Amino acid sequence: MSPLRRHPVTLIPGDGVGPEVALATKRILDAAGARVDVAFDWEEAAAGASVFLKGDSSGVPQETRASIERTRVALKGPLETPVGFGEKSANVTLRKLFETYANIRPVRELPGIPTRYKGEGIDMVVVRENVEDLYAGIEHLQTHDVAQALKLITRKGSEKIIRFAYELALREGRKKVTTASKANILKFTEGMFKRIGEELAPEYAPIEANHLIIDNVAHQMVKDPAQFDVIVATNLHGDIISDLASGLVGGLGFASSANYGDGVAIFEAVHGSAPKYAGKNVINPTALILSATMMLRHLGEHDLADDVEDAVLATLEAGKALPQDVVRQQGGDVEAATSTSGFADAVIESLGTRPTGVPSAASRPRVKAITPHKRWVDGEARLAEVGPARVVGLDYFMETLLSPAEAGTKLAALAGPRLELRMLSARGVVVWPKAAPAFDHPGFFRARYVARDPNDDLPDSELLALIERVAHLAPWGHLEKLRVWVDTEGFTRAQGE
Ligand code: NAP
């Protein structure tokens, strides 16, 4: 007899320990599904190291992309990323290809896992923006020895992820959303994220909203983690605090995650390929198994998700099958630890058992579909709303070994009739006309030219002529127009400007 329901799923075993944890998870899902007449049509697909080795620099071959386009759901093992040079991360490529803008990492206290926070009731979700920020990976060497990365944050991206966080809170019956940012220093990028959080909060009024500076989030998380419910952050900050949060409840062996886009969802463990354990059948597969329970809920298989999650909780609670990382944390004999495949066997045997010392997954509120939400104002409509920008100057970033005083005098003389040199800065600190109290020459300055008449609107021809004049003195690394809108000055001031 054919099963009641079938779900096509792209399965990417991945690199290092990936194939071991993927196999363990697949076996559990097949066994759990068989008990309730649900089957999975696994489409096995490649990504990561093996693909780079074949010369595909994206790390994600066409067949894998096509499979995910078909199934719209992927369960993924970790993918190795070359560090510091060469190819882009295949993980990041996958996120961007399918615009999986929301990375969700639930963090809950687990039974039988010894931690410093045992009994405090940690139960939070970190919602991380997943496609913007420094992960856009737009980097340039401005000189041979000066590196720069662009931190790109958009209003649309921020609104999408913050709404996602609030809607997740509503669906899961959660009470509070904390927006975390570094708005105190990064006024435009992180500042926009914070402001949008504040704009949207009233729409979700029953949910308590607050904002914390990200470094304080790290501090508070270590001091009193149970105060957090849902935390939403930009990409890099979300990455770091979600790993910190995982460490509170037992470490990477237990940290699950989901990447949601508008049409595609990719489920994966937070951990990487842990190469030193690859092929040894010793790694803890719980993180991917719990990620798979998020996948089951995404597929509408809530009872099945509860069954699998409860079987994991019951297995850990019974304490008879403990993976190596847990045994090590307990100070036990790692030789006696349960293998990866042995842990999967134990979970399969526990299917149908509910934990007794912690709440059963089945007792949590049912996760409903995301509610449709008001869309951001986009395209032409937004342009009409914010109005045109006036160009009031130019930041000219240059490689030079001239002293600030010498460069300042020469660059000021090149300004022309409509512009003046307002300042030179090095790494954001004014070095001319005022001298910085302590100055360590980086070989790279910014010259800020501004219109003499503050109501001027400089045409490109004026700026191009300036660039031409200055380039004879010092070649430009990059250039930024200084713009103002009716309500906004589109550039920050340097320290001391
Ligand atoms: P990692 O693979 O996560 O491993 C770091 C350490 O975390 C391991 O040595 C181990 O600690 C612990 N660990 C990881 N997974 C575990 C598990 N399932 N059970 C128990 N302990 C676990 O991080 P990495 O060594 O920095 O990265 C290796 C490669 O993975 C890199 O190429 C990186 O780019 C890639 N990566 C991929 C992803 C992804 O695909 N999403 C995520 C992160 C990293 P002990 O040594 O203390 O036992």
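Before anything is selected, one definition: a residue is called buried when its relative accessible area is under 20%, exposed when that area is over 50%, and partly exposed in between, with a 1.4 Å probe and protein chains only. Helices (H or I, at least four residues) and strands (E, at least two) are DSSP runs, numbered from the N terminus. The model is predicted, and local features need pLDDT of at least 70, side-chain atom pairs count only at pLDDT 80 or more, while totals for chains, interfaces and linings use all residues. Residues are numbered from 1 along each chain as its sequence is written, and side-chain values use heavy atoms, with hydrogens and water left out.

**Stop 1: helix α12**

Select residues 340-350, which form helix α12, and colour Thr340, Gly342, Phe343, Ala344, Ala346, Val347 and Ser350, which are buried there. These buried residues pack against α1, α9 (286-298) and α10 (302-318), where contact means heavy atoms within 4.5 Å. Just after the helix, Gly352 takes a positive phi of about 100°.

**Stop 2: the sheet of 10 strands**

Now show the open sheet whose 10 strands follow the order β2-β1-β3-β12-β11-β4-β5-β10-β8-β9, with mixed pairing; two strands count as paired if DSSP finds at least two bridges between them. At the edges are β2 (38-44) and β9 (208-213), each of which pairs on one side only. Neighbouring strands of this sheet are turned by 25° against each other on average, direction ignored; axes are lines fitted to C-alpha atoms, for helices over the stretch in contact, and angles run from 0 to 180 degrees between N-to-C directions.

Within this sheet, select β3 (residues 73-76), which is joined to β12 by 4 bridges, the two strands running parallel. Leu75 has Phe267 in β12 as its bridge partner. Helix α1 packs on the sheet, touching β1 (5-12), β2 and β3, and its direction makes about 155° with that of β2. Helix α3 (residues 62-71) also lies across β1, β2 and β3, running at about 155° to β1.

On α1 (residues 18-35), pick Ala34, which counts as exposed because its relative accessibility is 56%. From Ala34, draw a C-alpha to C-alpha distance to His302: the two are 268 residues apart in sequence and 15 Å apart in space.

**Stop 3**

Move to strand β11 (residues 256-260) and select Ser257. Is Ser257 buried or exposed? Ser257 counts as buried because its relative accessibility is 1%. Leaving aside residues up to four places away in sequence, Ser257 touches Asn103, Ile104, Arg105, Phe267, Glu268, Ala269, Val270, Ser291 and Met294. The side chain of Ser257 reaches the backbone oxygen of Glu268 at 2.9 Å, and these two residues, 11 apart in sequence, are 5.5 Å apart in space from C-alpha to C-alpha.

Glu268 is also one of the residues that line the largest cavity, together with Lys76, Asn91, Leu94, Arg95, Thr100, Asn259 and Ile266. On a 1 Å grid over the protein atoms alone, a cavity is a set of points where a 1.4 Å probe fits but cannot get out, and lining residues have an atom within 4 Å of a point. The elements giving two or more residues to this lining are α4 (90-97) and β12 (265-269), and α4 provides the largest share, 3 residues. The volume of this largest cavity is about 30 Å³, taken as the space filled by probe spheres set on the points, with grid points joined across faces, edges and corners.

**Stop 4: the sheet of 5 strands**

Finally, select the open sheet of 5 strands in the order β15-β14-β16-β13-β17, where the pairing is antiparallel. β15 (429-432) and β17 (476-484) stand at the edges, each with a single partner strand, so one side of each is left without a neighbour in the sheet. Neighbouring strands here are turned by 30° against each other on average, direction ignored.

Strand β14 (residues 419-426) is joined to β15 by 3 bridges, and the two run antiparallel; along this pair, Ala426 stands opposite Val429 in β15. Helix α15 (residues 460-471), in turn, lies across β13, β14, β16 and β17, running at about 20° to β13.

Definitions and conventions:
Polar contact = N/O pair within 3.5 Å; in protein donor to acceptor, adjacent residues only side chain to side chain. 1 Å grid on protein atoms, 1.4 Å probe; cavity = no way out; pocket = protein on both sides within 12 Å on 5 of 7 lines; lining within 4 Å.
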